[in-house]
Amino acid sequence: MRKSRREFTRSVGPSRPSRTRRQAAGVVRMIIALILAGGAYTLFTPAAQAQEEPRLSAAAAEGEALFEVGCITCHGRSAGGVEGRGPSLINVGGASVEFQVGTGRMPLARQEAQAQRKPPLYTDEQVRQLAAYIDSLGVGPVVPDNVKALVDDANLARGGELFRVNCSQCHAFGGGGGALSSGKYAPSLYPASDRIIYAAMLSGPQNMPIFGDSTLTPEQKADLIAYIQQVIQTDHDPGGFNLGRYGPSTEGLAVFLVGIVTLVFASLWIAGKS
């Protein structure tokens, strides 16, 4: 006797889902789990989100273009340095660039005991752009933008005291410079601008020590710069021949030689008259 359709279904049980339906359900569950995991990761670890690299400022971008034309041969791509040609400029800072490039010492003409000052190849604006690019590559000293304002409000008397204590040993009391060891020398301060002097104090080029803000405050640096520019650079030697402004050593030597010659001739004259 044939069973009815209802009786057949009841005896066999409910039909199982097909294999395709089971696979589709598994895929849906996996997608939901991934979405939940990604949302939780984003919510609880925001610092791990991918961030775009900071873009260069307009000045730094112009400086990068100048660097790739005039500096990359010696200092390498991305200023990493080239062995035997030029050092890395990472973490050097913009102050060093302003001094070296602004005084024409860089690009270097040839390897010597000390880089010579010469007419700069770049304008002041281009020097600032190069400094901005190098400054973007790391952490280093930078010449502040308000140097002129600081110098205008400076104390000349205090600047003279700071100069005699910190600078006269190498640059001489008159700022004319002087010889150092191993063929090096302290350059003359007469052609130096306020930003160049400030940059030199921050970067310590050649044999010069670094005068950071913990050694000389920005106000003290401004006092020193004002003394150099308003006293040393504008002194017209009212006493006569300056003897190179090398200080009391040359002056004492000149007085000694003149005095000895005078005494010799005086002695000969007296002997001839006696």
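Let's start inside the protein: Phe163 is buried, and Tyr227 is buried too. Buried here means under 20% relative accessible area, with exposed over 50% and partly exposed in between, using a 1.4 Å probe and protein chains only. The model is a predicted one, in which local features need pLDDT of at least 70, side-chain atom pairs count only at pLDDT 80 or more, and totals for chains, interfaces and linings use all residues. Residues are numbered from 1 along each chain as its sequence is written, and side-chain values use heavy atoms, leaving out hydrogens and water.

Now step back to the whole chain. It holds twelve helices and two strands, in the order α-α-α-α-α-α-α-α-α-β-β-α-α-α along the sequence. These elements are DSSP runs numbered from the N terminus: helices are H or I with at least four residues, strands E with at least two. Of the 274 residues, 28% count as buried. The chain exposes about 18,400 Å², and carbon and sulfur atoms supply 59% of that area, as given by the Shrake-Rupley method with a 1.4 Å probe. Take the contacts (heavy atoms within 4.5 Å) between residues at least 6 apart in sequence: 60% of them join residues at least 24 apart.

Where do the nonpolar side chains gather? In soluble globular proteins, such side chains tend to be buried together. A nonpolar core is a set of buried Ala, Val, Leu, Ile, Met, Phe, Trp, Tyr and Cys residues joined through side-chain atoms within 4.5 Å. The largest one in this model has 26 residues, and Val143, Phe163, Met201, Leu224 and Ile228 have the most contacts inside it. Helix 5 (94-102), helix 7 (147-152), helix 8 (156-166), helix 10 (194-203) and helix 11 (218-232) each supply at least two of its residues. A second, separate core of 14 residues includes Leu66, Ala79, Val97 and Val101. For a closer look, find Leu224: leaving aside residues up to four places away in sequence, Leu224 touches Gly159, Leu162, Phe163, Cys167, Met201 and Leu216.

Finally, look at the rings. The whole structure contains two aromatic pairs, meaning Phe, Tyr or Trp rings (for Trp, the six-membered ring) with centres within 6.5 Å; planes under 30 degrees apart count as stacked, over 60 as edge-to-face and the rest as tilted. Phe67 and Tyr133 form a tilted pair, 5.5 Å centre to centre with 50° between the planes. Phe67 sits in helix 3 (residues 58-70) and Tyr133 in helix 6 (residues 124-135), 66 residues apart. Phe67 counts as buried at 2% relative accessibility, and Tyr133 at 5%. The other pair brings us back to Phe163 and Tyr227, whose ring centres are 5.6 Å apart with planes at 45°, so this pair is tilted. Because Phe163 lies in helix 8 and Tyr227 in helix 11, the pair ties together parts 64 residues apart in sequence.
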